[in-house]
Amino acid sequence: MADTIAAISTAPGEAGIGIVRVSGPGSMDIMKKIMEKRPPEIEPRHMYLAGVVKDSDNPLSETIDQALFAYMQAPASYTGEDMLEIQAHGSAVSLKKILEAVLDTGIGNIRMAEPGEFTKLAFLNGKMDLSQAEAVIDIIQAKSDLSLEIAEAQHEGRLSATVKEIRETLLDILAEMAVGIDYPDEDYEFDDEGANSELVNKLRWVLSDVEDLLDTADIGRIAREGVKLVIVGKPNAGKSSLMNAILGEGRVIVTDVPGTTRDTVEESASLGGVPIVLVDTAGIRETGDKVEKIGVERTTQAIASADMVLLVLDGSRELDEEDNMVLGYIEHMSQERMLVLINKEDLGSSISEETVREKLPNVRIIKTSLIGRGAADAARKISEEIGEIFELGSIKASEMNIITNERHVQMLKNAVMNLDEAISMLQNGEPLEVAELSAHYAYDSLGKIIGEEVGDEILNTVFSRFCLGK
Amino acid sequence: MIDKKAFEIVVIGAGHAGCEAGLAAARLGMKTAVFCTNLESVAMMPCNPSIGGTGKGHLVREVDALGGEMGINIDKTFIQSKMLNTSKGPAVHSLRAQADKHRYHDEMLKTLKNQENLDLIEAEIIDVLTDDEGAVCGVVTAEGTEIGCKALIICTGTFLAGRIFIGEEVKESGPDGLSPATTLAERLRAKGFPMRRFKTGTPARMTAESLNYEAMKEQTGDERIVPFSFLNEDKEYEMDQISCWLSYTNEDTHRIIMDNIEKSAMYSGNIVGVGPRYCPSIEDKVSRFRDRKRHQLFVEPEGLDTNLMYIQGMSSSLPRDVQKDFYSTIPGLENAEIVKPAYAIEYDCIDPLSLKPSLENKEVPGLFCAGQFNGSSGYEEAASQGLIAGINAVCKLKGKSPLVLRRDQAYIGVLIDDLVTKGTNEPYRIMTSRAEYRLLLRQDNADRRLTEIGREYGLVTDERYERYCKKKDKVDAEVKRLRNKRVDISTFRAFLERCGELQAETASNQTFAEMLARPGVSYDALAEIDDERPELGLNEKIEVEVILKYDGYIKKQINEVEKLQNLENKRLNEGLDYNSISGLRLEARQKLSEIRPRTVGQASRISGVSPADINVLLVYLEKMRREEKE
């Protein structure tokens with residue numbers, strides 16, 4: 001049976017709507033699985049408004065977003081296969097979660113689409129005309145190049161370095177297994193229970209390494225959680241109204257992130273195509289109050305972990321000590337990752353751009369008022385600035401990056417699943433050569449992250465590490 | 001002067017590849033000649049006196065299922081039989097038999113001589129003739145006689161420009177002192193074939209009476225003898241099996257070797273050929289793995305009517321006196337009388353990338369190649385290719401499409417696909433780890449995988465086919481019955497407890513098939529709660545058990561295969577100009593132009609061709625298809 005493939009298929013950002021697209025034989029079943037309160041019969045080419053959930057059979061499954069579902073039956077679809085389209089809000093964070101829900105169903109050999117794959121299918125199934133062939137070819141190669149480039153460049157190549165290390169360890173294990181299977185006569189014992197439990201231990205190490213990789217912030221944290229945008233300023237500078245304005249502009253409120261303290265409030269949104277986690281901090285001021293002290297501490301922590309800081313100043317008053325204190329907290333940060341908003345323009349401008357630049361010479365400054373239409377204006381300007389900052393390459397957070405990240409996450413999950421399987425097979429006394437297959441699949445999955453082909457490396461390791469042969 | 005009607009198919013060489021090739025061609029009705037420089041070389045075993053082993057045993061089963069001879073011949077002549085890997089799952093159980101090498105040769109010789117349509121001729125072939133179109137049309141013997149043919153199969157083994165090394169001694173020779181084929185090698189190089197030089201080696205032979213068996217560990221055969229050939233499946237073998245003997249090298253052995261290492265032909269720089277890593281000489285083992293205190297070796301009888309013993313694990317190209325010294329440090333070999341010293345042998349072979357998956361040469365129509373000539377190593381690898389080359393030479397003459405086995409169908413498919421798609425930098429040996437669909441390619445189901453195909457190509461006899469159908473029907477019926485028959489939960493629990501399996505956590509009634517899938521439950525054990533059991537032979541039982549026990553894993557692999565099937569079915573035109581496909585990366589263009597794969601599936605296995613390149617190729621093919629239609 002052919003695979004079912006899925007991807008986020010809309011360009012990032014500007015649009016209020018984003019689409020997750022699924023193509024292949026599993027489309028209908030996936031729709032049923034993730035559509036909340038689905039109707040008994042699903043008609044093709046009908047739009048259904050419903051919540052997206054991980055598992056519609058589980059009443060406790062949390063609603064990810066409201067979305068429009070449409071099912072198209074082969075051959076009357078873009079790719080010519082059965083298809084599912086989920087139109088949701090345009091936030092990359094929300095789209096990612098929907099895509100993840102789709103992939104986690106495990107239905108119909110579901111997997112991430114390869115670069116350009118929908119287009120390829122559309123062409124192969126006669127849905128695009130001949131003149132488009134060259135364009136299709138270009139798309140495939142360009143997207144594929146970009147995907148590998150990003151894996152390599154991501155987080156200073158740490159991802160691919162770590163994956164390579166893990167693969168080396170796994171390679172040694174596979175070589176041992178291969179010797180055990182292909183050289184029963186040799187002077188190496190891989191048959192006895194001791195050897196078996198040693199294999200299990202080694203596989204566990206690999207498993208925990210992969211799980212770490214999946215858990216750590218390093219792999220696509222920004223893609224998973226968004227850019228952490230921390231809003232700072234003295235009390236009453238207008239932080240909360242700014243936050244509300246941004247959330248209004250961003251259109252998407254996904255969920256309150258659990259673990260939020262009463263001192264900082266976190267919300268998710270998408271601005272300028274960049275997924276954002278907004279952190280509204282308590283105002284910073286010198287205080288003897290114990291409770292407020294804690295609030296200040298948390299704020300400084302939030303600043304320390306921020307990908308970006310947005311400083312709000314009350315433009316109707318001159319910079320005071322409290323403002324200077326706030327500036328003191330952030331002045332060590334890169335000004336590329338900073339935005340200053342001079343608020344309350346309507347009440348007179350006591351703070352000039354020059355004044356700010358005395359402290360932060362290269363910072364981006366927006367002057368606005370957060371009252372009435374001004375709030376939406378401000379949010380839009382911020383959105384543009386953020387879009388620009390992240391496009392400029394301070395952080396790559398394009399749609400491609402997110403998709404690539406999601407692919408990596410899927411590959412890592414796949415590796416975890418297969419390693420788990422290999423371990424439990426060995427423990428249950430299943431044959432070595434069956435367990436080896438699962439370990440091998442894990443190795444292949446990891447290889448796909450770094451674009452490595454499966455070659456002769458296992459046999460090479462076998463012969464370099466073991467003395468074998470007649 | 002060419003007598004064009006002389007033969008339809010000529011085979012050069014009568015080793016394990018040549019015998020299969022010649023028999024297949026003759027049995028398919030072609031007037032066939034098999035040439036060898038010396039009749040002694042027919043099915044000769046110049047190295048280890050055994051057939052089978054991991055992966056190799058699978059090959060023999062596959063050759064047999066397709067209607068080849070190797071399995072039948074070893075079943076006639078084995079002197080010890082052993083199933084390896086029984087502590088692991090059925091997919092990697094591997095049969096190996098010690099052969100009486102002289103009887104193995106005699107029996108095969110008889111088979112060739114009795115084969116209708118087949119002439120076995122003792123003559124050296126020194127040249128290949130091609131017609132105006134560059135297709136094969138004949139061969140020339142050393143006496144200058146030209147013999148016409150329509151297809152030629154080269155299976156020259158280690159004879160082609162063979163050169164033997166014992167320490168400083170170097171001489172032009174085929175294996176075991178037989179004369180080499182030197183002129184043919186020169187002519188092939190002169191014609192521009194991409195030839196290369198490989199090397200292999202063999203240990204010393206000693207007299208049986210000079211060894212001390214008390215000092216070695218006896219290795220006996222299995223109590224229950226399992227034959228190779230499907231035709232012998234139900235046969236009961238009552239025989240006294242011979243034993244092999246296990247001993248080990250020690251630090252004295254290693255010291256002598258290291259003290260003399262520069263006298264080894266391998267180290268003196270005389271040998272230019274590339275040897276296999278999986279078959280290292282003892283000096284290689286000792287110098288590369290210095291932390292190993294000992295290396296094992298097996299002493300194996302070469303037959304019932306010979307007193308020669310083969311010392312497996314101890315090949316060498318050290319001088320004779322050094323050999324004598326180090327062999328005598330080994331427990332059991334202290335007073336060994338060496339009859340033939342260990343030697344290394346170098347030979348010419350062709351780069352298999354110049355071959356199609358049918359084993360026909362890409363440049364010279366009608367020229368087929370098989371065995372060690374293609375860069376493989378091993379009797380079983382040779383026989384497999386010989387059989388396929390023989391079948392395909394006939395297909396070529398009959399205008400039929402060639403037999404190309406897929407990687408999910410047979411180890412033979414893996415072997416040939418690896419050779420012609422990836423090439424090889426050392427003598428290639430099959431290993432189960434080379435097969436990605438190992439759970440499907442079991443030795444117990446070789447008949448099921450390949451008998452129908454063998455039948456289609458004409459080598460499966462009526463007798464074999466009828467027996468195969470009967471077995472298949474019985475097995476299928478029993479599998480179906482077990483999938484449907486349920487057992488109630490209390491009986492099931494009680495049964496599991498008797499089996500020592502206490503985790504009967506399931507609450508519902510289970511089918512027998514589900515029960516069988518549990519570790520620790522065997523088909524035989526289930527008999528006590530199964531009142532409708534049919535009479536099944538041992539092999540039928542095994543097959544039923546394996547099918548059900550590994551159902552989940554097998555399905556998973558079948559699923560994998562089906563996903564790739566689409567690519568395997570997409571054919572690529574031989575003349576396709578990859579440089580004109582703009583979207584392909586440079587490396588992919590170069591590799592594809594060089595190897596010229598037959599299908600997109602084969603293309604996808606070429607190193608340097610990425611998944612994106614394959615997608616580009618698919619789009620390109622579709623574009624071409626539509627353009628043609630327009």
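Two strands pair if DSSP finds at least two bridges between them; strands (E, at least two residues) and helices (H or I, at least four) are DSSP runs numbered from the N terminus.

All views show a predicted model, in which local features need pLDDT of at least 70, side-chain atom pairs count only at pLDDT 80 or more, and totals for chains, interfaces and linings use all residues. Residues are numbered from 1 along each chain as its sequence is written, and chains are lettered from A and ligands numbered from 1 in the order in which they are written.

**View 1. Strand E16 of chain B pairs with E15(B) and with E17(B).** E16(B) covers residues 244-248 and runs antiparallel to E15(B), residues 217-219, through 3 bridges. Lys217(B) has Leu246(B) as its bridge partner. With E17(B), residues 296-301, E16(B) forms 4 bridges, again antiparallel. Here Ser247(B) stands opposite Leu297(B).

**View 2. Chain A meets chain B through 39 residues of chain A and 45 residues of chain B.** Contact requires C-beta atoms, placed from the backbone, within 7 Å. On the chain A side, H4(A) gives the largest share, 7 residues. That side divides into 20 nonpolar, 7 polar and 12 charged residues.

**View 3. The largest nonpolar core has 202 residues.** Such a core is a set of buried Ala, Val, Leu, Ile, Met, Phe, Trp, Tyr and Cys residues joined through C-beta atoms within 7 Å, buried meaning 20 or more other C-beta atoms within 10 Å of a residue's own. H5(A) gives the most to this core, 11 residues. Val10(B) is among the members that touch the most others; its contacts include Ala33(B), Phe35(B) and Leu152(B).

Terms used:
Two residues are in contact if their C-beta atoms, placed from the backbone, lie within 7 Å. Ala, Val, Leu, Ile, Met, Phe, Trp, Tyr, Cys and Pro count as nonpolar, Asp, Glu, Lys and Arg as charged, and the others, Gly among them, as polar. A residue is buried if 20 or more other C-beta atoms lie within 10 Å of its own, exposed if 12 or fewer, and partly exposed in between; C-beta atoms are placed from the backbone. Lists of a residue's contacts leave out its neighbours within four places in sequence.
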